[in-house]
Amino acid sequence: MIKQPTQERDLLAEDSEWDIVILGGGTAALIAAAAVTKHLPHLRVLMVRSTKIGISGVGEGTIATIGRFLHDYLGIDPLQFHQEVRPSIKLGIQFKWGSETPYHYTFGPQFSAANPIQQKLDRPIGEYCHADASYASLASSLMYHGNVAAIGPDGTPILPSYAYHLENQSFVRFLERHTTQNGVQKLDAIVQQVSATEDGIESISLDNGETIKSSLFIDCSGFRSELLGKALGEPFISFGDSLFCDRAVAGGWERNDETYYAFTTAEAMEAGWSWRIEHDDLINRGYVYSSRFISDEAAESEFRRKNPKVTETRVIRFRSGVHRRTWVKNVIAIGNSAGFVEPLEATAIGMMSSAVDQLVSLLSCGTGTRQIHRDVFNDAQRTDWEQCRDFLALHYQPNKLNQSPFWQACRNDTFLGEAQEILDFYSVAGPDFRGLQHRLKSNIFGAEGYLAMLVGQNAPHAAASDRSATKCPDWSQFKNQLNDAGRQGIGMEEYLQRLRTGSVTLPVAT
Ligand SMILES: Cc1cc2nc3c(=O)[nH]c(=O)nc-3n(C[C@H](O)[C@H](O)[C@H](O)COP(=O)(O)OP(=O)(O)OC[C@H]3O[C@@H](n4cnc5c(N)ncnc54)[C@H](O)[C@@H]3O)c2cc1C
């Protein structure tokens, strides 16, 4: 039987002053505003945010979808972006974690069976990396050698799959200008009161005396979650059983003569881990920790011992988890107001981008928004958030190297969700993930992500066999070629200089 559509308000056909009000002025709000004005230009959009409250100002790492999202989807000119925001290139993450030697999670193919450069090798690359995960891809080799792009036969730089490191403040300033130029109306005011009915939010009252009505509200108010969390009371589902960290102490120093690395470093600490992110003039570090296992003062001291050049520090509190639904009635939450997972894989901007993309598509489908639009959105978002939770949890559980109480608890008590099955499969089949291809096809991190953490940490498996470089000449030759290509590559300063003057262009994102 065909289900009849229920009688519902048509959100975008109401006689409101605004079609969409976006609450917030941080990354999430600006990304949402940029996407709506680009793809739904007929809608009247108002942004309300308070410069007195300000933005969180963190959020520097991105994932490999960022180039496609900014330059293709939002239509932001790459040259202008590189000249004004001056992001640096991120080829992946270097983990100093769970293994005696550092290993890399790169954005392109590395350990999986689908690696195109393995023709002469009869097994997936991961199987040759037992106890030594170095030089398994061009990106990894460039990372080992402190370079960013290889040089092709005609002298053209070859940049592997990439993401950006962004300074959050300059990224936000750029998006602020971009959205204003594209016609987004903005108000600087604090939302003091919210009027809600059975159908959702009717209006918001501001500290300047104005009351704003709208058909649809996008809540990008950060951790305050003013509309979804506070006004509508949507429950928050904690990921605390999987992810124990809930604070960070952050600081940095001015770049001196340090190598300008094209990767984020993630390094195990006593009660968590520490990031290092590279910019033109700054090197930023932060220690993400669990307040159950270390005090703020002890974390700060450990952080400073490791990073004596750090100047000022600040402590940031957060909770990992997501609201049960992120689209409720006429409120859609995007960014930290919807949910947050600790920044280990720098997924927040990627998650916002994908939520915005999905929302814009749904607002374009059919003759108006119905409950089915909300259901589709909520199902997809829940899957994405759970995939993030499970993948991050898998970073912690297999680490056998660190022995502090925090790491022992991670080994014993981490809830892995769906990652448990992937770990179980790996423990039997080893790095041959062809059998999981179907399962991981729609996973945000895919086989490569999981293999990076399992092969990199040398997680035990029954299929272990010795295909090391000393035993396999083809593998040894392959590694040597990659080693040479990485060593002879070009460094960050030179590549960025070429990018910012337009003498190289970014490869087309796939
Ligand atoms: C330690 C840490 C590290 C992180 N690292 C990364 C990373 O590497 N990569 C990444 O992608 N993300 C990272 N994040 C996530 C980061 O916070 C987000 O990417 C992003 O910068 C914040 O986005 P937002 O727009 O949701 O929130 P915010 O920047 O907090 O913006 C909220 C906005 O809402 C406004 N607002 C709130 N309440 C009201 C009100 N009542 N009235 C009016 N205006 C209001 C505020 O003024 C502000 O403009 C990290 C987070 C933490 C805590």
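Helix α1 gives the most to the shell around the ligand, with 3 residues, where helices (H or I, at least four residues) and strands (E, at least two) are DSSP runs numbered from the N terminus. This is a predicted model, in which local features need pLDDT of at least 70 and side-chain atom pairs count only at pLDDT 80 or more, while totals for chains, interfaces and linings use all residues. Residues are numbered from 1 along each chain as its sequence is written.

Around the ligand there are 38 residues, of which the closest are G26, G59, G222, G335 and A348; a residue counts as near if its C-beta atom, placed from the backbone, lies within 6 Å of the molecule. At least two residues of this shell come from each of α1, β2 (45–49) and α8 (348–364).

Helix α1 (residues 27–39) also packs against helix α5 (residues 168–181), at an angle of about 30° and with the axes 10 Å apart; axes are lines fitted to C-alpha atoms, for helices over the stretch in contact, and angles run from 0 to 180 degrees between N-to-C directions. That makes α1 roughly parallel to α5, a term used for angles under 35 degrees. On the α1 side the contact includes T27, L30 and I31, and on the α5 side it includes N168, F171 and V172, with contact meaning that C-beta atoms, placed from the backbone, lie within 7 Å.

Elsewhere, 3 strands form an open antiparallel sheet in the order β13-β19-β22, where two strands pair if DSSP finds at least two bridges between them. Strands β13 (236–238) and β22 (339–340) stand at the edges, each with a single partner strand, so one side of each has no neighbour in the sheet. Between β13 and β19 (residues 321–323) there are 3 bridges, and I237 has V322 as its bridge partner in β19.

Notes
Parallel < 35°, antiparallel > 145°, perpendicular 65-115°, else oblique. Contact = placed C-beta atoms within 7 Å.
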